[in-house]
Amino acid sequence: MGHIDTLRGTGGPSPVSFEDFDSRLLPAWETLRGPAGRPCPRVEAAAKVTGSARYSGDRHLPGQLYGAILRSPIPHGEVEHLDASRARALPGVHAVLCHHDAPALRWRKCLLFDPRVRFVGDEVAAVAAETPQQAADALRLIDVRYRPLPFVLDADRALADGAPRIHADGNLAEEPKRYARGDVERGFAEADVVMDLVFTTQAALHNSLESHGCTARWENGSLTLWESTQGIHQIRADVARHLELSDNRVRVITEHMGGGFGAKLVMWKHSLIAALLARRSNRPVQLMLDRTAENLAAGNRNPTRQHVRLGAKRDGRLTAIEVTAVAAIGANAVGGESSNVTGVYQRLYRCANVRTEQLAVHTNTGPSCAFRAPGYVEGVFGLESAMDALARELALDPMALRLANYTERDQVRDLLYSAPDGLRGCHARAASAARSPDAPHLKLEAQAVRRGVGIAAHEWGGGGSPPAYAWAKLNADGTLDVVMGVQDIGTGTRTGLTQIAAEELGIDLARVTVHIGDTATGPFAPQSGGSATLATLGPAVRAAVADLGARAVDAAARLHDQDVTALCRERGRIVRSDGTAEWRLEQIAEALAPQMLTGAGLRSGNPPERSVRTFGVQIAEVAVNVRTGEVVVERLVAAHDCGRVINPKLVASQILGGVTQGVGFALFEERLVDEATGVPLNANLEDYHVPTQADAPAVVVAPGDRPDTAANAIGAKGIGEPPMIPVAPAIANAVYDAVGVRITELPLTRARVLAALARAGEAG
Amino acid sequence: MRPFEYHRARDTSEAASLLSEVGVQTCLLAGGTDVLPLMKDGVIAPRRLVDIKRSADLDHAVTLDDEGLRIGALTTLAEIAENALVREQAPLLAEAAESAATPQLRDAATVAGNLLQRPRCWYYRNPAFHCWLAGGAVCHARDGHNERHAIFEGDAPSPCCAVHPSDLAPALIALDAGVRLRASDGQARDVSLETLFRPPTSDRRTETVVGDALVLEIRVPRLAPQTYTRFVKVAARRTWSFALAAVAARVTVQYGRITHAALVLGGVANVPWRARQAEQALVGAPPAEDVVDRAARLAVSGARSLGHNAYKVALVQGLVTEALHTLFARAVAK
């Protein structure tokens with residue numbers, strides 16, 4: 001099933017509520033007349049550029065200590081001996097935790113401080129001290145002796161007979177995920193052409209600018225965590241359960257965040273460690289991971305190997321799709337959005353005969369977790385590279401081949417898409433924004449430089465789903481506060497939701513404040529994942545404001561002795577339908593004060609008869625220097641379908657960021673692990689190459705702006721993850737177009753490109 | 001934090017006496033872009049840092065006299081890249097300086113520090129390994145991840161396969177640069193820059209033979225007429241990364257023949273690597289296509305790739321081809 005299904009249920013009808021206004025009762029927004037749809041700057045822009053925006057590591061509480069974690073230097077072994085007495089005796093040290101004395105809390109399949117270490121970077125002990133330097137010194141004074149165990153770093157060896165067992169139940173992390181429809185053998189038998197290819201993708205590191213971490217404070221038996229997280233309610237629930245606290249004793253706050261990209265969807269060990277250190281020391285404790293720890297132990301994109309077979313008729317129609325994907329997920333399965341490598345093989349093209357299998361395998365490496373379109377970035381590289389190869393084999397235009405296999409239905413759920421033409425529109429917009437391959441710019445400028453163009457398409461979730469809630473209150477001066485228990489992970493959630501509230505009530509953006517990021521004040525909202533936040537929360541905001549608006553109409557009728565059925569709400573006013581009278585909202589609010597109008601809204605279920613998905617097509621233009629192996633992405637057209645565009649500036653920002661991150665994945669980024677020792681060699685920003693501005697192409701943003709009215713009450717879908725999905729195959733296909741060599745392993749480093757060119761040179 | 005003493009030296013003489021004190025591990029500090037990360041990573045743990053940024057007899061200035069350019073030891077990479085005299089007299093050096101690191105790092109890093117910097121090998125820099133270069137017994141890169149490591153060794157196999165990371169060193173060597181040192185006896189001594197670089201040995205685990213001497217200035221002689229230069233570097237990405245390989249190329253062409261050639265490679269050996277056979281093949285030849293091919297082939301003679309760096313052999317040939325193509329085109333156009 002799709003990623004969103006794993007994350008939070010099937011998106012079916014919302015539970016009955018007698019209080020909240022259900023977003024399904026809202027009429028569609030036919031046109032936008034207020035702030036929604038406009039390219040507003042982020043509401044927190046000034047705070048961010050002036051430095052006044054506070055992140056989790058910006059908390060400086062009185063008496064605050066600094067936590068630090070001792071991590072395993074070996075990939076697999078037993079802690080035979082651990083003596084922390086010298087660390088405890090160090091001046092400034094207030095607490096030390098290790099498996100001898102920490103509560104035996106379970107975390108996933110292991111203990112919080114497990115005497116068995118399973119990867120380089122696994123947590124062994126922790127300290128809290130008055131300065132970060134003292135904490136670092138204390139770690140060096142902890143004396144640990146390990147008994148090394150045999151280890152395994154890659155999925156194939158982990159599945160082999162006699163491989164070291166990473167967990168008692170073996171190295172297969174879960175039952176293989178299998179999917180089938182039709183008769184694949186018959187499909188291949190009917191095929192005129194069969195493509196049979198193997199693709200590999202690498203372990204990639206998130207490298208959010210802000211690392212994982214939190215500040216923990218206990219007061220009267222209640223815990224407050226300022227946490228850099230994509231899910232404040234998720235953290236609250238998990239921390240409360242692990243520490244055996246009731247929910248109302250845990251408060252999680254995320255005011256601003258410097259990125260998460262999926263790695264902050266779940267509760268990692270540091271949250272519990274900070275809480276325990278704070279309890280033991282009776283002081284607030286701040287525990288932020290440094291860059292090394294971030295890159296060793298706080299998530300990565302699982303490397304995959306995909307064996308792909310496509311069967312097709314001469315005219316390009318697919319008769320069979322088969323894929324077996326193996327993902328190395330590291331030492332622990334941490335939950336969150338699942339890495340759905342095979343999902344796109346099931347949905348993107350019309351094909352009666354499909355069989356997919358995905359294996360998740362434990363290895364003695366840092367645990368993987370969701371990373372911007374988990375599974376899809378990997379899977380689309382395989383599928384769309386194979387489709388490009390098929391187009392070449394059949395001498396068909398790559399876009400024509402894709403359109404020949406177009407589907408308006410979600411073939412997994414057997415439902416029509418809420419936007420059946422969504423992907424077709426992306427193809428059309430991409431084609432019109434792309435330059436002709438015969439254009440002068442694509443002629444050779446130097447003997448060594450070859451230019452090429454490549455295309456890739458994708459589908460994805462991002463339709464949002466219940467449950468989610470919003471509360472609205474109209475202040476005495478007619479300004480509006482909206483409260484939700486959601487978080488803004490840096491994407492602009494706060495701004496988009498403010499625009500929706502202002503649009504619905506018909507007032508200026510400046511008269512609306514959205515309060516988010518605090519479990520103590522806001523009602524439940526899900527984690528920010530699956531590109532679903534706007535589509536999940538937006539309808540709830542509209543519903544809450546509409547609920548408040550209905551009460552305002554009632555209030556106006558009572559205040560002014562009118563028949564309520566003769567009044568309606570229009571752009572910040574209550575008006576008589578015959579036009580003879582009107583009152584501004586602030587007049588109503590002022591007259592009512594100190595009484596207050598409030599509203600509560602909930603996100604209703606998605607339409608049962610439709611499947612809500614997002615789509616995209618990208619076309620990359622590359623220049624390949626055959627002497628040096630350098631690949632330069634010169635221009636990239638990104639045409640995505642995210643339904644209604646609430647804020648073009650934010651949409652463009654997600655596209656620029658996603659494409660840039662995709663360029664890094666396509667060309668440079670790869671965690672390298674020393675095979676002899678299991679030590680990652682580039683867990684830093686010098687040797688792990690994220691893309692720089694110089695590596696980013698000119699991005700042509702060509703989003704559609706067609707409301708998906710069948711999807712939800714705001715007609716908008718997500719755009720957070722999609723822009724990264726098709727980047728790598730679009731680039732790899734363009735490289736093929738340029739030099740006639742198909743590189744099936746990511747990233748396309750100088751080394752891989754030169755090696756592939758050399759092989760091609762030898763071959764022909 | 002490991003405690004250390006900090007001294008600000010009034011002049012090089014004070015710095016030298018602090019440096020030579022027996023029993024106290026001492027490091028010089030100028031730009032700090034290499035020393036401080038080495039300390040933070042735990043690769044070195046000096047007991048004392050001697051800050052020479054304000055030494056009275058060191059400067060960051062570029063001047064031109066009859067001999068050529070004089071570049072003070074403290075001159076930053078940014079100053080070199082932007083300096084009008086350098087750009088006019090030694091554009092090769094400006095190109096190399098501009099290709100290094102980031103604007104922030106170039107603003108802090110000094111030319112002398114750049115020449116004396118330690119390798120970026122991920123085994124050497126990682127405290128989880130105690131590699132040969134850091135004083136241990138083995139080179140982990142030889143059979144490990146050696147994508148960024150050496151393809152050239154001297155006559156004897158080197159116990160280390162890290163590469164010299166400097167972009168400036170190949171350029172300066174190609175320009176026949178000299179260096180003025182303050183020797184341990186207090187005397188100034190002029191030597192060719194090239195002679196400072198030597199592969200490490202078991203009793204000298206560094207890439208230079210500077211020892212306790214201090215670099216005072218760099219001297220770059222004037223170029224002969226009809227001399228053409230080019231610096232080409234390829235890194236893993238387009239900026240802010242060290243060279244996978246780089247070439248500093250210089251040819252002088254008179255009456256249709258190459259009369260002088262220098263091809264110095266960066267990122268391929270323990271030290272900046274002179275492609276001598278290629279240089280010899282160029283001298284006396286015309287600036288022609290087949291000469292480019294021959295030079296590119298000869299530039300990698302003697303190359304021995306490790307498990308993961310065979311691509312560097314092709315890359316060096318590509319770089320030499322790219323550089324010579326440009327130079328020959330300019331020479332022929334004259």
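**Where chain B meets chain A**

Reply: Across the interface of chain B and chain A there are 3 salt bridges. Please keep in mind that this is a predicted model. One of the pairs joins B:Arg120 to A:Glu686, and their closest N and O atoms are 2.5 Å apart. Counting polar contacts between chain B and chain A gives 11 residue pairs, with both partners at pLDDT 80 or more.

On the chain B side, strand 9 (227-235) and helix 11 (311-333) each supply at least two of the residues that touch chain A. Helix 11 of chain B gives the most to that side, with 8 residues. Sorted by class, the residues of chain B that touch chain A comprise 15 nonpolar, 8 polar and 7 charged. Looking at both partners, the contact draws 30 residues from chain B and 29 residues from chain A. Together, chain B and chain A bury an area of about 2700 Å², and carbon and sulfur atoms give 58% of it.

A search of the whole structure turns up 10 cavities of 30 Å³ or more. B:Arg120, the salt-bridge partner of A:Glu686, is among the residues nearest the centre of the largest cavity, along with B:Arg148, B:Val163, B:Phe242 and B:Ala243. In total, 19 residues line the largest cavity, and by class they are 9 nonpolar, 5 polar and 5 charged.

The second largest cavity holds about 70 Å³ of space. It is lined by 14 residues, and those closest to its centre are B:Cys121, B:Cys131, B:Cys139, B:Cys160 and B:Cys161. The lining of the second largest cavity divides into 12 nonpolar, 2 polar and no charged residues, whereas the lining of the largest cavity includes 5 charged residues.

Finally, a few backbone spots in chain A deserve a glance. As background, most residues other than glycine have a negative phi, and most peptide bonds are trans. Against that, the peptide bond from A:Ala593 to A:Pro594 is cis, with omega near 5°. You will find A:Pro594 in the loop between helix 16 (585-592) and strand 28 (597-602) of chain A. Another cis peptide bond runs from A:Leu746 to A:Pro747, with omega near -10°. A:Pro747 sits in the loop between helix 18 (727-739) and helix 19 (750-763) of chain A. A:Ala395 is not a glycine, yet its phi is positive, at about 55°. The place to look for A:Ala395 is the loop between helix 11 (376-394) and helix 12 (398-404) of chain A.

Technical notes:
Residues numbered from 1 in each chain as written. Chains lettered and ligands numbered in written order. Predicted model: local features only at pLDDT ≥ 70, side-chain atom pairs only at ≥ 80, totals over all residues. Heavy atoms only, no water. Contact = heavy atoms within 4.5 Å. Buried area = accessible area lost by both parts, 1.4 Å probe. Salt bridge = Lys/Arg side-chain N within 4 Å of Asp/Glu carboxyl O. Polar contact = N/O pair within 3.5 Å; in protein donor to acceptor, adjacent residues only side chain to side chain. Helix = DSSP H or I, 4+ residues; strand = E, 2+ residues; numbered from the N terminus. Nonpolar A, V, L, I, M, F, W, Y, C, P; charged D, E, K, R; others polar. 1 Å grid on protein atoms, 1.4 Å probe; cavity = no way out; pocket = protein on both sides within 12 Å on 5 of 7 lines; lining within 4 Å. Points joined across faces, edges and corners; volume = space filled by probe spheres on them.
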